[in-house]
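Please keep the structure open while reading.

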Amino acid sequence: MRIGSNNLTYPFDNRPKPARRIEVAPKVFWLRMPLPISLNHINLWLLEDDDGWTIVDTGMSNQETKSLWESLLEHELDSKPVKRVIGTHMHLDHIGLAGWLCRKCQVDLWMPRTEYLSCRVFSSEMKEPPSPETIEFYKAAGFGDAELAVFHERFQARSNFMTPMPTSYRQISDGENIRIGDFEWTVMVGKGHSPEHACLYCKELNVFIAGDQNLPRITPNVSVRPDQPSSNPLGEWLTTCEYFKNQIDEQVLILPSHGDPFYGGPLRLQAIIDDHLSSLEKLHDYCVSPRRVVDVFPTLFKGKIEDHNLVIATCEALAHLNYLLEASQLSMDIGPDGIKRFQRS
Ligand SMILES: [Zn+2]
């Protein structure tokens with residue numbers, strides 16, 4: 001047990017070793033898989049039933065993670081079969097191996113409808129060059145040829161991290177109860193980080209599988225995607241954070257997808273909310289004269305924006321700008337060059 005600098009309480013002193021599990025609550029097990037990106041790991045969860053297992057999230061597709069799964073399936077499941085795979089949301093670190101795992105175990109993927117369908121669309125798009133609308137989206141943010149080249153390279157590399165999705169699935173929805181062994185898990189949907197992100201709450205165990213909805217150290221990414229350039233995901237995100245903050249109290253063990261399990265969910269959500277509100281204030285001040293999306297990075301991000309985080313920073317910056325636009329605190333013009341410029345109203 002330790003108290004972090006952010007006043008969260010971390011009850012576990014150890015992390016699971018590769019291809020091993022740690023029990024974090026009765027019949028709830030923590031797995032940790034490596035990620036080949038700057039965020040170097042993801043937590044996955046195993047829920048034990050009398051006659052089998054539920055897997056929550058899958059990791060990114062690469063040979064190392066597949067080998068770890070093969071070892072886990074053989075040695076860590078007490079000779080009981082996998083019964084289902086639940087995908088919290090569409091991001092590749094969570095869903096990259098869903099197709100492979102579901103086919104290997106001959107089970108269904110359970111997932112919210114918008115997450116599943118979006119994932120199907122994006123995974124088929126990955127095989128094609130970016131569409132003209134997608135290129136326009138980044139040009140409108142201020143990308144020149146050099147930045148577009150970075151985007152192209154990263155866009156195509158993504159398909160390496162994913163195995164083909166199952167072509168059928170089992171829909172899960174907000175408020176639905178899923179019985180797993182002795183316990184009932186309620187699906188709680190969050191919006192903003194992804195369109196219909198499923199969290200799982202077990203009231204009896206006081207455990208909340210948060211996915212990326214509540215992370216102890218990093219602020220979950222909130223991005224405008226090229227398929228919906230004028231959306232306001234930050235508005236949805238802040239609404240969800242407020243809602244969850246009131247539903248899940250300090251005594252609930254939060255199982256996040258990145259970082260260690262912790263107590264203090266509402267405290268952390270409030271810190272995340274405050275962080276965004278302070279960024280919005282700085283951004284509003286900065287837009288005293290017209291700014292392109294790529295101009296506002298210094299007001300939002302502490303670190304330097306380089307090739308590896310350029311795309312994600314752009315989409316996140318636009319989320320903040322669109323929030324202020326919808327709140328009528330900024331106005332936006334598209335110049336003859338096709339570039340969006342935002343300015344205080
Ligand atoms: Zn995510």
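1. Glu-23 sits opposite Phe-29 of strand E4. E3 and E4 (residues 28-34) are antiparallel, with three bridges between them. Strands here are DSSP runs of E, at least two residues long; helices are DSSP runs of H or I, at least four residues long; both are numbered from the N terminus. Two strands count as paired if DSSP finds at least two bridges between them.

2. A word on the source. This is a predicted model, in which local features need pLDDT of at least 70, side-chain atom pairs count only at pLDDT 80 or more, and totals for chains, interfaces and linings use all residues. Residues are numbered from 1 along each chain as its sequence is written.

3. E3 and E4 belong to an open sheet of seven strands. Its order is E3-E4-E5-E6-E7-E8-E9, and the pairing is mixed.

4. Two loop residues deserve a look. Lys-27, in the loop between E3 and E4, has a positive phi of about 65° although it is not a glycine. Asp-57, in the loop between strand E6 (52-56) and helix H1 (63-75), is also not a glycine, yet has a positive phi of about 70°. Are they buried or exposed? Lys-27 has 18 C-beta neighbours inside 10 Å, so it counts as partly exposed. Asp-57 has 27 and therefore counts as buried. The cut-offs, with C-beta atoms placed from the backbone, are 20 or more other C-beta atoms within 10 Å for buried, 12 or fewer for exposed, and partly exposed in between.

5. Next, the hairpins. E10 (residues 177-180) and E11 (residues 183-190) pair antiparallel over four bridges. Ile-180 stands opposite Phe-183 of E11. Two residues lie between these strands, and Gly-181 takes a positive phi near 60°. E11 also runs antiparallel to E12 (residues 197-202), through five bridges. Met-188 has Cys-199 in E12 as its bridge partner. This hairpin has six residues between its strands, and Gly-192 in the turn has a positive phi of about 115°.

6. The largest nonpolar core has 87 residues; Trp-45, Val-85, Phe-208 and Ile-209 touch the most other members. Helix H10 (residues 310-326) gives the most to this core, nine residues. A nonpolar core is a set of buried Ala, Val, Leu, Ile, Met, Phe, Trp, Tyr and Cys residues joined through C-beta atoms within 7 Å. Leaving aside residues up to four places away in sequence, Phe-208 touches several residues, including Cys-199, Ile-248 and Gly-265. Contact means that C-beta atoms, placed from the backbone, lie within 7 Å.

7. Which residues of helix H8 are buried? They are Gly-265, Arg-268, Leu-269, Ile-272, Ser-279, Leu-280 and Leu-283. They cover an arc of only 120° around the axis, which means they are on the same side of H8. That arc is taken from the directions from the helix axis to the C-beta atoms. Asp-274, Leu-277, Ser-278 and Asp-285, on the other side of H8, are exposed. The cover over the buried residues of H8 includes E13 (207-211), H7 (233-247), E14 (253-256), H9 (297-300) and H10.

8. Finally, the whole chain. The protein chain has ten helices and 16 strands. Buried residues make up 42% of its 345 residues. The C-alpha atoms fill a box of roughly 65 × 45 × 30 Å along the principal axes.

Methods. Two residues are in contact if their C-beta atoms, placed from the backbone, lie within 7 Å.
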